[in-house]
Structures are given as C-alpha cells and as structure tokens.
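Subject: Structure handover

Hello,

Here is the structure for your files. My notes on it follow below.

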Amino acid sequence: MAFEELKSKQSVMWGTGPYQNITETITDIHEQVVDRLAPQPGEAWLDLACGTGAVSERAAQLGASVTGVDLAPALIETAQERAQELGLDIDYRVGDCERLELDDGAFDIVSSTCGVMFAPDHEGARELGRVVKHGGRIGLATWTPEGGLAKMFGMMKPFAPAPPEGAGNPFAWGDEQHVQELLGEAFELVLERRVSHLRVPSGEDYWQLFSTSYGPTRTLAESLEDDRREEFHQAWVEFFESNYRSNGEIDHDREWLLVYGIRR
C-alpha cells in the first residue's frame with residue numbers, strides 16, 4: 001500500500017514549530033547512538049530522519065563524511081543553517097527513507113534516532129540494508145511499545161484521527177521480535193533496552209513545550225475546535241501530573257531500544 005498522502009502530511013507536520021526544542025530533550029540518546037557506532041575518520045555515514053541534525057553534527061565532528069536525509073523540508077533547512085554556523089560540511093537532503101535515492105552499499109554506517117520508526121511502511125526497512133556495505137554498521141534508537149512515549153501517544157489517541165489502514169505502528173520498532181523480523185536477515189543484531197528521562201517543572205510546562213514544538217502534538221492541537229483542544233490540554237496535563245510527578249517535578253521515563261547491527 002502506498003502512503004503518499006500520509007507522508008505528504010508528515011513532511012509538513014514534523015517541520016511544524018521549532019523542532020530543535022524537542023531535539024534537545026533527547027541529547028542523551030544521540031550521544032549513546034553515536035558512541036555505540038564509534039565512527040572512524042572518513043567513514044561514510046547516513047543519518048536517516050535526521051531532523052535538525054543532532055546526530056549528523058556529532059558524527060561530522062568525529063570525522064565522518066555525513067549525509068543527512070529527512071522527509072520534512074523545514075527540518076532540513078534548519079539542519080543546513082546549523083551546519084553552516086558550526087562550520088560543518090554535511091550533505092543534507094529532503095528524502096523518503098522508504099525510497100532512498102542512494103547507491104547500494106554506499107555507506108559504512110546508517111543511523112536513525114526516533115525517526116524511521118515513524119515511516120508508515122515497515123517493509124521499507126529493507127532500504128536500510130540496501131545502502132549499508134557488507135561489514136558496515138547500523139544504529140537506531142526506537143521508543144518501546146511499553147515505554148513512556150508510547151503511553152503519551154496512547155493518551156493522545158482519543159483526540160486524533162485514525163491512521164490509514166495498513167500503516168505500521170511506530171512503536172512496534174521498539175519490540176525486539178519485530179526488529180529481528182525486519183532487519184535480522186540483513187544484519188547481525190544486538191538489542192539493548194535503555195531509559196531516557198525528560199524532567200520539567202509541571203504538566204503545564206510539558207504541554208507548552210510539546211504543543212508549540214513537537215509536530216504530532218502541535219498539529220493535533222491546532223486541528224481541534226477550541227473546546228476539544230482544551231479537553232486535550234487538560235488531559236495532557238492530568239496525564240503527566242498523575243503518572244510522572246516525582247520529587248517536585250515531572251520525571252517522564254522514556255524507555256527506548258538501542259538497535260545495533262553489523263551488515264551480513
């Protein structure tokens with residue numbers, strides 16, 4: 001099934017608001033993925049669903065030759081501006097991770113942090129194997145189906161339209177068996193569950209951050225009528241205050257899966 005209409009909407013949605021604010025809530029994940037992949041100078045690195053470039057920047061600073069691809073033109077524009085400011089030579093492109101316009105075996109390393117998991121066609125994962133050379137490495141960070149991000153999306157679900165028929169559940173990418181089914185033929189995999197914490201003063205602070213800067217939340221909020229939007233607002237605040245208040249703040253524990261693989 002083609003998901004062109006959905007991906008067209010996603011390309012706008014993820015670029016809504018200052019996404020860099022969200023990028024900075026998962027810097028620990030970026031660091032762990034890059035550390036695990038341990039790039040060597042001159043290695044060709046492909047960063048998929050690269051967002052505003054956090055992983056691409058780290059890889060380039062370590063000497064890798066980096067290409068960053070994202071579906072959202074607004075995010076690529078921000079990433080390009082950041083690279084220029086930092087004096088980094090990174091090849092950023094607007095593109096679809098399910099249909100990469102890149103050569104077979106062109107990269108030593110492929111990464112994606114909380115990115116490719118949101119592509120609707122999970123069978124598109126074959127593209128990850130296609131562009132990595134034999135003996136090359138893959139490193140992904142994906143939110144688990146039982147973790148804090150999945151629970152947050154569960155809270156949002158009653159306010160959101162149903163996804164298109166056949167679209168994959170993004171949080172299935174955090175299930176070890178599903179990842180083995182998608183990537184195990186092409187890669188020898190090591191899978192490790194880890195936890196990232198986001199701490200904010202209150203549920204209202206969390207709402208203000210995500211309703212202005214996180215594409216899925218902002219787009220959903222702006223699509224609702226005023227009364228329904230306020231219901232969503234209150235449900236959001238109550239969710240975090242009831243489930244994640246600890247030691248005078250909101251401590252959102254977000255379990256994720258580190259997917260590390262060697263191309264067979």
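Helices (H or I, at least four residues) and strands (E, at least two) are DSSP runs, numbered from the N terminus. The model is predicted, so local features need pLDDT of at least 70 and side-chain atom pairs count only at pLDDT 80 or more, while totals for chains, interfaces and linings use all residues. Residues are numbered from 1 along each chain as its sequence is written, and side-chain values use heavy atoms, with hydrogens and water left out.

Aromatic pairs

Rings of Phe, Tyr and Trp (its six-membered ring) pair if their centres lie within 6.5 Å; planes under 30 degrees apart count as stacked, over 60 as edge-to-face and the rest as tilted. The count by this rule is 20 aromatic pairs. One of them is the tilted pair of Y206 and F210, with 4.9 Å from centre to centre and 50 degrees between the planes. Y206 and F210 are about one helical turn apart, because they lie 4 residues from each other in helix α9 (residues 203-213). Buried means under 20% relative accessible area, exposed over 50%, and partly exposed in between (1.4 Å probe, protein chains only). Y206 is buried at a relative accessible area of 0%, and F210 is buried at 3%. F239 and F240 form an edge-to-face pair, 4.9 Å centre to centre with 85 degrees between the planes. Both F239 and F240 are buried.

Charges over rings

A charge sits over a ring if NZ of Lys or CZ of Arg is within 6 Å of the ring centre and within 35 degrees of the ring normal. R36 has its charged end over the ring of Y260, 4.0 Å from the centre. R263 lies over the face of F187, and here the distance to the ring centre is 5.9 Å.

Helix α5

Helix α5 (residues 73-86) has 14 residues and spans 20 Å from its first C-alpha to its last, close to the 20 Å expected at 1.5 Å a residue; the expected span is 1.5 Å times one less than the number of residues. L75, I76, A79 and A83 are the buried residues named in α5. Seen down the axis, the buried residues of α5 fall within an arc of 95 degrees, so they line one face of the helix; the arc is that of the directions from the helix axis to the C-beta atoms. Q84 and E85 are exposed on the face of α5 turned away from the buried side. The cover over the buried residues of α5 includes β2 (65-70) and β3 (91-94), where contact means heavy atoms within 4.5 Å.

Strand β1

In strand β1 (residues 44-48), 5 of the 5 residues are buried. A44, L46 and L48 point one way from the strand, and W45 and D47 point the other way. β1 runs parallel to β2 and is joined to it by 5 bridges (two strands pair if DSSP finds at least two bridges between them). W45 has V66 as its bridge partner in β2.

Two single residues

H178 is in helix α8 (residues 176-183) and counts as buried at 19% relative accessibility. Beyond its neighbours within four places in sequence, H178 contacts H122, A172 and W173. Q234, in helix α11 (residues 226-244), is partly exposed at 42%.

Regards
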